[in-house]
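Please keep the sequence and the model in view while reading.

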Amino acid sequence: MKQILVIQGGGRAGGNTAQLTDSFIKGAEDAGHQAEKISLVQKEVKGCLGCNACRYGKPCVQRDCFHEIIPKMKKADCIVFASPLYFWTLSARMKAFIERFYCFAEKDDNPPLGRYEKYPQKDCALLMTAADDFFWTFEQAVAYYRFAIVNYIGFHDKGMVLAGGCGDTNGKAQIDKTNHLKKAYEFGKSLYGTGQ
Ligand SMILES: Cc1cc2nc3c(=O)[nH]c(=O)nc-3n(C[C@H](O)[C@H](O)[C@H](O)COP(=O)(O)O)c2cc1C
């Protein structure tokens, strides 16, 4: 049985992103895994201050919800990043959350080119929703995920569900009129196969 931590970086209550995440979680749970969702709307995580206190053995100086998320991340096999597309990239909440990874970087005496520290080994996945559904809609978000989370932090990508065409936020969520919820369920279910 795998432990899956889903970080939802915004979106409306009951909105497209919440529904997409819930379908993914249902799939993962039906396959026998344990999944927990944390919403960054409810649990505020501010961006990094760059004070570097964490590089001198001190916990992060910021008093926000990141501290309670750290042990959950350490325990998780897979961290899932779920966000609505805001101005062609991940939400500001999600970006702030990712900045705070700085405080659990470990010293790497022999880092590969372009990497300065190392991070715990985790699997990761990306779930996103957007109003548009063009071939470029998620380009910047996916580039950031690949560059920062996979290439730099070094998490192992398990895949993504990019749910375009969910309608804008001026009205009810439209994702139930698409096949994205089914895709997210299947993705959650097949992520690790049936958990024992
Ligand atoms: C501030 C803001 C910026 C947005 N920017 C984009 C965008 O760049 N491209 C796009 O296709 N949709 C954009 N949208 C639409 C949302 O991504 C889309 O409606 C999403 O599914 C909303 O998620 P939710 O229902 O979970 O709140 C934006 C919405 C908001 C509120």
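Gly-171 lies in the loop between strand E7 and helix H5; helices (H or I, at least four residues) and strands (E, at least two) are DSSP runs, numbered from the N terminus. The model is predicted, so local features need pLDDT of at least 70 and side-chain atom pairs count only at pLDDT 80 or more, whereas totals for chains, interfaces and linings use all residues. Residues are numbered from 1 along each chain as its sequence is written.

Is Gly-171 buried or exposed? Gly-171 is exposed, because 7 other C-beta atoms lie within 10 Å. The terms work as follows: a residue is buried if 20 or more other C-beta atoms lie within 10 Å of its own, exposed if 12 or fewer, and partly exposed in between, with C-beta atoms placed from the backbone. Along the sequence Gly-171 is 156 residues from Gly-15, yet in space the two are 10.0 Å apart, C-alpha to C-alpha.

Gly-15 is among the closest residues around the ligand, together with Gly-11, Thr-17, Pro-84 and Asp-132, in a surrounding set of 21 residues. A residue is counted as near a molecule or strand if its C-beta atom, placed from the backbone, lies within 6 Å of it. The largest share of this shell, three residues, is supplied by helix H1, residues 16-30. By type, the shell holds ten nonpolar, eight polar and three charged residues. Here Ala, Val, Leu, Ile, Met, Phe, Trp, Tyr, Cys and Pro count as nonpolar, Asp, Glu, Lys and Arg as charged, and the others, Gly among them, as polar.

Gly-164 is partly exposed, because 17 other C-beta atoms lie within 10 Å. Gly-164 touches Ala-130, Asp-132, Asp-133 and Thr-137, leaving aside residues up to four places away in sequence; two residues are in contact if their C-beta atoms, placed from the backbone, lie within 7 Å. Phe-138 is 26 residues from Gly-164 along the chain, and their C-alpha atoms are separated by 8.3 Å.

Next come the helices. Two packed helices are described by the angle between their axes and the distance between the axes. H1 and H5 (residues 180-190) pack at an angle of about 35 degrees, and their axes are 6 Å apart. The axes are lines fitted to C-alpha atoms, for helices over the stretch in contact, and angles run from 0 to 180 degrees between N-to-C directions. On the H1 side the contact includes Leu-20, Phe-24 and Ala-28, and on the H5 side Ala-184, Tyr-185 and Phe-187 are among the residues that take part. The residues of this contact divide into eight nonpolar, five polar and four charged.

Which residues of H5 are buried? They are His-180, Leu-181, Ala-184, Tyr-185, Phe-187, Gly-188 and Lys-189. Their cover includes H1, E6 and E7.

The largest nonpolar core has 45 residues, and Phe-24, Val-80, Phe-81 and Leu-127 have the most contacts inside it. Such a core is a set of buried Ala, Val, Leu, Ile, Met, Phe, Trp, Tyr and Cys residues joined through C-beta atoms within 7 Å. Among the elements that each supply at least two residues of this core are strand E1 (3-8), H1, strand E3 (78-84), strand E6 (123-129) and H5. Phe-24 itself touches Val-6, Val-80, Leu-127, Ala-184, Tyr-185, Phe-187 and Gly-188, not counting residues up to four places away in sequence.

His-33 is buried, because 22 other C-beta atoms lie within 10 Å. Ser-39, in strand E2, is partly exposed, with 18 other C-beta atoms within 10 Å.

Two loop residues remain, and both concern the backbone. Most residues other than glycine have a negative phi. Asn-52, in the loop between E2 (34-39) and helix H2 (66-75), has a positive phi near 70 degrees. Asn-52 is exposed, because 12 other C-beta atoms lie within 10 Å. Trp-88, in the loop between E3 and H3, also has a positive phi, near 70 degrees. Trp-88 is partly exposed, with 13 other C-beta atoms within 10 Å.
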